[in-house]
Amino acid sequence: MGRIATPVLTLLLTACSGAPSMLAPQGPQAAAAARLWWVMFWGGTAILAGVMALVLLAVFRPQRLGVPSSHLLITGGGLAFPIVALTALLLYSFSSGEPTTPTQSPLIIEVTGHQWWWDVRYPGELPVITANEIHLPVGRPVQLRLRSADVIHSLWVPQLAGKQDLIPGHTKTLTLQADASGEYRGQCGEFCGRHHAHMALWVYALPTQAFDDWRQARATPVVTSLAPQAQRGRELFLAARCAHCHSIRGTAAKGNAGPDLTHVASRNFLGAGLVRNRPGALTRWIAAHPRLKTGKRAELFDDLAAKDIEAIAAYLEQLH
Amino acid sequence: MTRPGVQLHERLLAFWANPPGWRAASGVNHTSVGLRYITTGFLFFLVGGLLAMAMRAQLAWSGNTDLGPDAYNQLVTMHGTTMMFLFAVPILEGLGVYLIPKMIGARDLPYPRLGAFGYWCFLLGGIFLYASFLFDAAPDGGWFMYVPLNDKQFAPGPGADFWLLGVTFVEISALTAAVELVVAILKTRAPGMTLARMPLFAWYMLATAFMMLFAFPPLILGSVLLELERSFGFVFFDVTRGGDPLLWQHLFWIFGHPEVYLIFLPAAGIVSVVVETFARRPLVGYSWVVAAILGTAVLSFGLWVHHMYTTGIPRLSLSFFSAASMAVAIPSGVQVFAWIATLWHGRPVLSVPLLYVLGFFFTFVLGGLTGVMVALVPFDWQVHDSHFVVAHLHYVLFGGMVFPLFAGLYYWWPLFTGRTPPRRLGTVGFWVVFAGFHATFLPMHLTGMLGMPRRVYTYAEGLGWEWLNLVSTLGGFLLTCGIAVVVADLVLHWRRGEAHDGNPWQAGTLEWAMRPGVPPYNFASIPRVHERMPLWQQPELPLAIAQGGHLLAAPSAGRRETLGTNAIDARPEQVICLPSQTWLPLWAALTTLLALTGVLVQSAVLSVLGTLLTIAVLLGWAARPSYAESPVHIDAGADRPLPNQSVSPAAPGLWGLRLALVASAVAIAHLLFAFFFLWTVSPAWTPLPVLSSRGMPFISLSLLLSGGVLVQLAWRGLMKDSRAFYRYCLGALTMGIAFLLLLSLWLTTHVPPPPTHAYASVIHALHGFQAVHLSAAMVLVGFVAWRWRRGVVDSTHVLEARVAVEAWHYAVVIGVVAHAVALLPRLS
């Protein structure tokens with residue numbers, strides 16, 4: 001029955017496409033957890049049905065039904081059965097979900113959790129700094145080195161792997177592997193304060209060649225001739241408070257309290273998954289982000305004129 | 001009721017009844033205190049439920065921002081805090097406080113004033129927590145108070161202080177109830193009620209009370225450490241100065257996991273009672289169940305790390321905790337099958353309480369199965385802190401505690417009110433609660449597996465979470481309607497029900513042997529017990545009790561008394577004199593509130609004033625012992641006259657002290673754990689500096705030990721009725737003062753101030769704890785010396801002196817440990 005029902009149920013449960021569901025795994029660790037789930041789901045359903053049948057029969061039993069030995073019920077049902085079933089399950093779980101052993105020289109990505117965004121760095125020959133999105137090559141285990149700049153966060157991309165906390169003072173590791181190219185949504189799993197709800201990230205699994213191209217492109221600052229408005233925006237960015245918090249490689253902006261914006265225009269979302277990066281979104285985001293993101297701690301940008309904000313946005317939109 | 005029964009009733013009532021009107025609040029009788037706990041706990045349950053409804057309304061649609069993040073985080077925090085600390089634990093304590101003496105054939109708990117004090121701490125602590133809303137400062141950092149999110153840097157407002165102080169205040173009640181229930185169950189059972197004849201509910205409460213003594217101290221210690229860090233700059237959790245945020249998680253979950261079981265066990269006790277009564281037979285496999293209770297209590301302390309699977313602890317240790325987490329399912333399985341076997345072997349009669357027990361079976365078994373799932377590391381990495389866990393914990397807590405609680409409320413409602421409950425509305429209420437509960441929480445498993453984390457105040461559309469959340473919200477409102485029906489039903493029966501004859505369910509345990517209407521003295525005479533279900537074997541027992549046919553039936557002196565028996569086989573060994581109504585417990589709670597408010601508003605004056613006033617009230621309380629006017633030996637109708645507790649070596653006061661010291665030792669053991677944990681695990685721990693001392697610790701150690709010797713000499717002097725007692729007491733006090741002065745000199749001149757490093761903070765905290773203990777012992781010894789001069793303490797009336805001496809010796813032991821830790825670096 002399980003053979004037919006499992007796919008049907010899976011379909012039903014994941015029918016809502018777009019869900020970052022652990023039941024639609026795309027990596028070995030998530031696949032192991034999903035397998036474990038289905039074993040436990042069917043086992044658990046059977047046990048629940050059995051126990052409830054015993055309970056209901058005990059209360060509403062027909063006269064003719066015999067009474068099982070109480071010794072057998074307690075030692076068999078309460079003691080022997082759980083010991084056997086749980087031991088089997090425990091051994092099965094030990095053999096599953098073990099993180100994939102990284103290859104000889106694993107790709108290392110450093111992820112630092114901040115209230116409320118993710119700093120993502122690719123150290124090595126082609127250093128890349130980005131935020132709120134992780135690009136990785138398909139089929140290759142990637143080792144994430146996880147740290148926190150403030151409070152405890154937790155990185156969770158359900159389709160690829162279970163979560164791992166980011167704890168101040170500690171460096172933790174998590175191995176991710178995507179078996180198919182695609183976009184996988186993740187979100188902070190540990191309550192981290194005011195905007196915990198708005199701390200998403202996206203993992204983009206790319207074919208090896210595409211990943212190498214991506215890394216090549218992101219490792220270098222954007223060099224482009226700017227229109228007058230964008231040029232003014234660039235000056236404003238460097239002169240106004242923007243550069244206190246943000247970096248743009250190749251410029252004097254070296255702040256590190258907020259995300260690196262070197263290639264901000266290439267990102268699909270702004271504000272750790274809060275806003276889709278459509279045309280015009282940057283303008284609105286710049287005006288609103290102290291309120292929507294940094295909360296009470298940030299100074300507001302109400303003194304910036306609308307046309308200044310538009311100029312800054314025009315500049316940032318060039319940073320592909 | 002026959003004539004002698006009525007006369008006896010009226011004579012007992014004369015000095016057992018609470019004063020009329022509002023003065024009844026000064027009553028300290030366990031029936032009054034228990035009902036106060038139960039009603040207050042239930043009101044907090046309703047409030048906590050309303051908070052949950054606001055959260056469910058918020059999550060009904062994606063992108064909803066009716067509530068901002070701050071308000072939502074306050075609701076999440078206060079919902080969890082309320083349900084755990086202000087509802088679940090206190091209402092079960094209340095049930096224990098109310099029922100235990102009645103079930104074991106006692107007239108009252110051994111420390112009625114302490115019980116009343118605990119209740120006031122609970123009530124005032126709850127009000128204190130909720131008062132934070134008035135200042136727009138409700139805690140919003142989660143009911144688990146993780147650091148660094150709740151340290152001064154990330155939570156600069158007073159919200160976390162409200163939480164830490166309020167919860168610690170409330171937990172005083174857990175400790176007082178624990179001490180009281182342990183001593184009541186072990187020392188005041190009716191004669192003949194051996195351990196093997198004890199109602200299972202008493203076994204469950206005994207295990208629960210012991211668990212409280214071991215589980216709450218780590219929480220209280222953690223809260224004190226965090227408050228020291230927040231308000232006084234100590235370092236325990238700040239990773240840059242040798243602390244570690246993971247230390248908080250360990251301390252919190254060493255409390256937090258046993259907490260789940262100490263909520264479940266009393267509820268399972270209710271299930272056992274209801275199953276026995278409605279199966280019309282004693283529980284099958286009594287000794288199996290007792291073993292399962294003890295197994296659960298012990299195992300529950302070995303699983304806390306399963307709340308921390310995602311913190312990156314090595315997989316090998318995780319495997320150990322994973323196996324332990326599964327192992328705890330086995331005693332639960334034994335209990336479930338013992339209940340099933342009892343139903344099979346009895347003649348089950350369906351009733352509203354039994355209906356709730358059936359609801360419990362389904363819900364709790366399902367929650368237990370998802371519990372096994374989250375105990376498995378690879379699966380937990382996925383669902384940890386997702387809505388799957390929200391679903392799981394509600395199945396276990398609502399299924400494992402609220403369903404049994406409602407079964408218990410329906411079962412004992414006739415006892416509380418004296419009315420027979422009709423069942424129609426009760427049945428409707430059950431089905432609405434049952435349907436509402438599962439509609440809320442069953443879909444939530446899936447919500448979590450689809451990737452929705454907990455504690456998010458809103459979520460984006462298009463992630464597949466919308467319809468599941470909507471169903472949960474609708475289910476939540478249905479559940480609320482069900483609870484409204486239950487409340488309406490209970491209130492209606494209380495106001496309108498028909499009076500019953502004393503045992504409407506034909507139950508077998510002693511609480512149904514009382515005169516209907518629950519007289520404040522419970523039993524006109526203390527029955528002798530020969531079996532587990534006395535009323536089934538001796539249906540005439542209630543009459544014999546009421547007519548004074550058993551023990552302690554001569555209330556001639558107008559004193560409240562109950563019988564003290566020995567722990568194993570319940571042979572009479574003393575008569576425990578009990579206090580009457582007094583406002584002192586309320587005053588003690590109010591002065592404690594003053595001291596805590598002083599910490600909250602950072603006013604040293606208020607704190608010191610509150611502390612001094614509390615000590616004054618407690619001394620006033622101690623100066624009015626319940627045995628003051630009692631003769632040394634009392635004829636209770638046993639084979640020989642029995643001593644009152646002031647001359648008995650088995651006095652409840654002594655037991656109470658020792659249990660309190662156990663709780664204190666647990667707290668100090670966790671402070672040592674904190675020290676070794678930081679030493680070995682904290683990433684920023686620097687090698688231990690050798691604290692320069694110029695021999696001061698050695699001098700102070702000698703002072704400490706000589707103080708202990710002098711106290712021992714004083715005790716010997718007392719035994720010989722020698723005046724040397726007084727002189728030795730004064731000598732010991734002098735040593736104590738000299739020790740404290742030298743200690744503070746050493747701490748201020750030779751130990752770096754606490755904010756410099758976690759090591760300095762640990763040393764200061766440890767020595768602070770020992771100073772508090774020694775000061776308390778000094779107050780006690782001074783008090784006893786004063787009582788000796790007044791002639792109340794002598795070689796016969798030794799109880800108070802014995803308490804003071806044991807407290808002092810304990811303080812010496814703590815002091816030696818503290819010194820050893822301070823001198824540790826010299827050895828390495």
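Chain A contains 8 helices and 12 strands, where helices (H or I, at least four residues) and strands (E, at least two) are DSSP runs numbered from the N terminus. The model is a predicted one, in which local features need pLDDT of at least 70 and side-chain atom pairs count only at pLDDT 80 or more, while totals for chains, interfaces and linings use all residues. Residues are numbered from 1 along each chain as its sequence is written, and chains are lettered from A and ligands numbered from 1 in the order in which they are written.

Of the 320 residues in chain A, 42% are buried, a residue being buried if 20 or more other C-beta atoms lie within 10 Å of its own, exposed if 12 or fewer, and partly exposed in between, with C-beta atoms placed from the backbone.

In chain B, helix α9 (residues 315–327) has 13 residues, which at 1.5 Å a residue should span 18 Å, in agreement with the 18 Å between its end C-alpha atoms; the expected span is 1.5 Å times one less than the number of residues. Within α9(B), F321(B), S322(B), S325(B) and M326(B) are buried. These residues cover an arc of only 140 degrees around the axis, and therefore lie on the same side of α9(B), the arc being that of the directions from the helix axis to the C-beta atoms. On the other side of α9(B), L316(B), S317(B) and F320(B) are exposed. The buried residues of α9(B) pack against α3 (70–94) of chain A, together with α10 (329–345), α11 (352–375) and α12 (377–383) of chain B.

How values were computed:
Two residues are in contact if their C-beta atoms, placed from the backbone, lie within 7 Å.
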